[in-house]
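Here are a few friendly notes to read alongside the model. Keep the 3D view open and find each residue as you go.

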Amino acid sequence: MLVDPDYKGNRWPVEDFLESGRADWAAQREWLASLGMPTTGARALDFGCGVGRVTFAIADSFDSVVGVDIAPSMLRTATWLDTTGGRCRFVQNGAADLSAVDEYAPFDLVHSVIALQHVPRQFIAGYIAEFVRLLRPGGVLTFQLPERPQLSVRGLAFRYLSPKLTGFVQQRFLGYPAPMRMSGMRADRVREVLHAAGATLLATRRDNGYAGYWHSNRYVAMKTGGSP
Ligand SMILES: C[S@@+](CC[C@H](N)C(=O)[O-])C[C@H]1O[C@@H](n2cnc3c(N)ncnc32)[C@H](O)[C@@H]1O
């Protein structure tokens with residue numbers, strides 16, 4: 001979900017966990033504002049929403065937020081934690097496209113953090129194109145995505161060990177509850193994918209907050225063409 005060595009073994013109080021989502025969204029809003037982009041609106045989508053950590057924070061700025069996730073267990077917990085009075089809606093989707101949320105589109109904002117990095121590499125470009133498709137023209141896309149492992153012991157392990165061995169080390173020695181797969185995409189490829197989908201990349205910045213041993217970026221893009 002969100003790995004923090006200070007909170008190993010289910011010791012993360014719910015309020016602290018949700019506060020980390022509010023802090024994440026507050027920093028994102030500040031960045032958007034500094035770029036002259038809107039930080040409020042009618043409809044937002046949070047891809048890979050998990051239990052709603054950031055979804056609930058976004059709901060303070062948008063009239064309604066759709067959280068989409070592949071895992072029904074995450075969405076059950078999100079629904080249970082939701083105190084937004086019906087402004088958040090949670091949709092399960094395991095398909096390679098996001099037609100499951102078409103009925104709620106177009107969105108003013110599509111946002112995603114620490115989710116695309118767990119999607120198998122071959123599906124990432126398709127999801128980014130789907131984010132753009134679901135935006136209204138002029139709508140804003142913000143997402144985080146690792147680029148490549150760092151030249152550190154853990155980074156090199158990710159680069160060279162088999163996924164099975166990496167998963168074993170994560171669970172046996174790092175206390176992860178489950179193996180955590182990591183994927184990434186080079187920043188220049190992200191720009192190409194956005195352009196091909198009808199969006200313009202406006203800004204990129206390094207973000208190593210949740211991927212200490214990967215070089216990770218946050219991106220802001222705007223839908224500049226196409227429909228809906
Ligand atoms: C580390 S959690 C992050 C959750 C949330 N974004 C947050 O910041 O708290 C990653 C989430 O991505 C979801 N996920 C992984 N692959 C996905 C996919 N193909 N489609 C939608 N969600 C996916 C997982 O089920 C999980 O809830």
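1. Let's start with Thr142, which is buried: its relative accessible area is 0%, and the cut-off for buried is under 20%. Please keep in mind that this is a predicted model.

2. Where does Thr142 sit? Look in strand S5, which covers residues 135-149. The side chain of Thr142 makes a polar contact of 2.5 Å with the side chain of His111.

3. Which residues does Thr142 touch, leaving aside those up to four places away in sequence? They are Gln28, Leu32, Leu109, Val110, His111, Ser112, Tyr219 and Val220.

4. The structure has 1 cavity of 30 Å³ or more. Strand S4 (107-112) and S5 are the elements that give two or more residues to the lining of the largest cavity. That cavity holds about 40 Å³ of space. Its lining is made up of Pro38, Thr40, Phe62, Asp108, Leu109, Arg136 and Val140, and by class these are 4 nonpolar, 1 polar and 2 charged.

5. Now turn to the second largest pocket, with a volume of about 290 Å³. It is lined by 18 residues, and Arg121, Phe158, Pro163, Arg181 and Met182 are the closest to its centre. The lining includes 9 nonpolar, 6 polar and 3 charged residues.

6. Which helix gives the most to the lining of the second largest pocket? H6 does, with 4 residues. Helix H4 (121-134), helix H5 (153-160) and helix H6 (163-173) each supply at least two residues of that lining.

Conventions
Residues are numbered from 1 along each chain as its sequence is written. This is a predicted model: local features need pLDDT of at least 70, side-chain atom pairs count only at pLDDT 80 or more; totals for chains, interfaces and linings use all residues. Side-chain values use heavy atoms; hydrogens and water are left out. Buried means under 20% relative accessible area, exposed over 50%, partly exposed in between (1.4 Å probe, protein chains only). A polar contact is a pair of N or O atoms within 3.5 Å; within protein, one must be able to donate a hydrogen and the other to accept it, and residues adjacent in sequence count only if both atoms are side-chain atoms. Contact means heavy atoms within 4.5 Å. On a 1 Å grid over the protein atoms alone, a cavity is a set of points where a 1.4 Å probe fits but cannot get out, and a pocket is an open set with protein on both sides within 12 Å along at least five of seven lines; lining residues have an atom within 4 Å of a point. Grid points are joined across faces, edges and corners, and a volume is the space filled by probe spheres set on the points. Ala, Val, Leu, Ile, Met, Phe, Trp, Tyr, Cys and Pro count as nonpolar, Asp, Glu, Lys and Arg as charged, and the others, Gly among them, as polar.
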